[in-house]
Amino acid sequence: SSGINAEYGGTKLYETSLEGFVQFQWRPRPPSLLTEAHLKEIKKNMKSYARDFEIKDKLSKSKASKELIEKRRRVYDEYMAYRKRKDQELKALRLQYEEVRSDSVEEEYVEEVVEFFIKEEVEAAENKE
């Protein structure tokens with residue numbers, strides 16, 4: 001049956017039936033610029049068009065991911081160069097530290113042994129015959 005149904009949030013607010021009422025358009029659509037033959041051709045080839053658009057979408061996504069990968073690689077390379085530079089600076093500082101430390105500690109040690117005589121006891125051995 002044709003008529004008017006008004007709903008809000010899934011709740012039916014108003015319903016009435018009208019005889020002879022077939023279609024109501026809130027905003028009428030302008031006539032299509034395509035001919036009927038062209039519309040039929042588009043509908044017929046819709047799957048191939050969809051496939052082509054999916055391929056283009058994948059390419060654009062892969063291009064975006066390539067750019068992201070290149071950006072990440074560039075940031076990683078910059079970090080590794082920074083780290084290598086800092087490692088070399090640290091090695092140079094360690095060498096300087098070792099040189100300064102070895103210069104100040106370069107004393108020769110001489111070991112001296114001192115013996116003291118404390119006490120001497122002499123005992124006589126007894127002979128039992």
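**Salt bridges, strands and surface**

Reader: Is E121 buried or exposed?
Author: The model is predicted, and the accessibility is computed from it. E121 has a relative accessibility of 56%. The cut-off for exposed is over 50%, so E121 counts as exposed.

Reader: With which residue does E121 meet in a salt bridge?
Author: The N to O distance in this pair is 3.0 Å, and a salt bridge requires the atoms to be within 4 Å.

Reader: How many salt bridges does the structure hold?
Author: Another joins E15 to K12, with the closest N and O atoms 3.3 Å apart. K86 and E89 also form a salt bridge. The total for the structure is three.

Reader: Is K12 exposed or partly exposed?
Author: K12 pairs with E15, and E15 is exposed, with a relative accessible area of 52%. For K12 the relative accessibility is 46%. Exposed needs over 50% and buried under 20%, so K12 counts as partly exposed.

Reader: What is the separation of K86 and E89 in helical turns?
Author: The closest N and O atoms of this salt bridge are 3.3 Å apart. K86 is partly exposed at 37% relative accessibility, and E89 is partly exposed at 39%. Both residues belong to helix α2 (residues 46-105) and are three residues apart, so their separation is about one helical turn.

Reader: In what order do the elements of the protein chain run from the N terminus?
Author: The chain has two helices and two strands. The strands are β1 (3-8) and β2 (11-17). Helix α1 covers residues 36-44, and helix α2 covers residues 46-105. From the N terminus on, the order is β-β-α-α.

Reader: Which residue in the hairpin of β1 and β2 takes a positive phi?
Author: The hairpin has two residues between the strands. The phi in question is near 60 degrees. The residue that takes this positive phi is G9.

Reader: What is the area of the nonpolar surface patch made by I4, Y8, L13, Y14 and L18?
Author: The elements that give two or more residues to this patch are β1 and β2. One member, Y14, is found in strand β2 and counts as partly exposed at 47% relative accessibility. Patch residues need over 30% relative accessible area, a cut-off that Y14 passes with its 47%. The area of the patch is about 560 Å².

Reader: What share of the protein chain do buried residues make up?
Author: Strand β1 is hardly covered, and among its six residues the count of buried ones is zero. The chain exposes about 14,300 Å², of which carbon and sulfur atoms supply 53%. Of the 129 residues in the chain, the buried share is 0%.

Reader: With which residues is L34 in contact, leaving aside neighbours within four places in sequence?
Author: L34 is found in the loop between β2 and α1. Its relative accessibility is 38%, so L34 counts as partly exposed. Leaving aside those sequence neighbours, the residues in contact with L34 are L39 and I42.

Reader: Which element of the protein chain has the lowest mean pLDDT?
Author: Across the chain the mean pLDDT is 83, and 89% of the residues reach 70 or more. Helix α1 has the highest mean among the elements, at 92. The lowest mean is 77, and the element with that value is β1.

Terms used:
Residues are numbered from 1 along each chain as its sequence is written. This is a predicted model: local features need pLDDT of at least 70, side-chain atom pairs count only at pLDDT 80 or more; totals for chains, interfaces and linings use all residues. Side-chain values use heavy atoms; hydrogens and water are left out. A salt bridge is a side-chain nitrogen of Lys or Arg within 4 Å of a carboxyl oxygen of Asp or Glu. Buried means under 20% relative accessible area, exposed over 50%, partly exposed in between (1.4 Å probe, protein chains only). Helices (H or I, at least four residues) and strands (E, at least two) are DSSP runs, numbered from the N terminus. Patches are made of residues with over 30% relative accessible area and no salt bridge: like charges are joined within 9 Å, nonpolar side chains (Val, Leu, Ile, Met, Phe, Trp, Tyr) within 5 Å. Accessible areas come from the Shrake-Rupley method with a 1.4 Å probe; for residues, only the protein chains shown count as cover. Two strands pair if DSSP finds at least two bridges between them. pLDDT is the predictor's confidence in each residue, from 0 to 100. Contact means heavy atoms within 4.5 Å.
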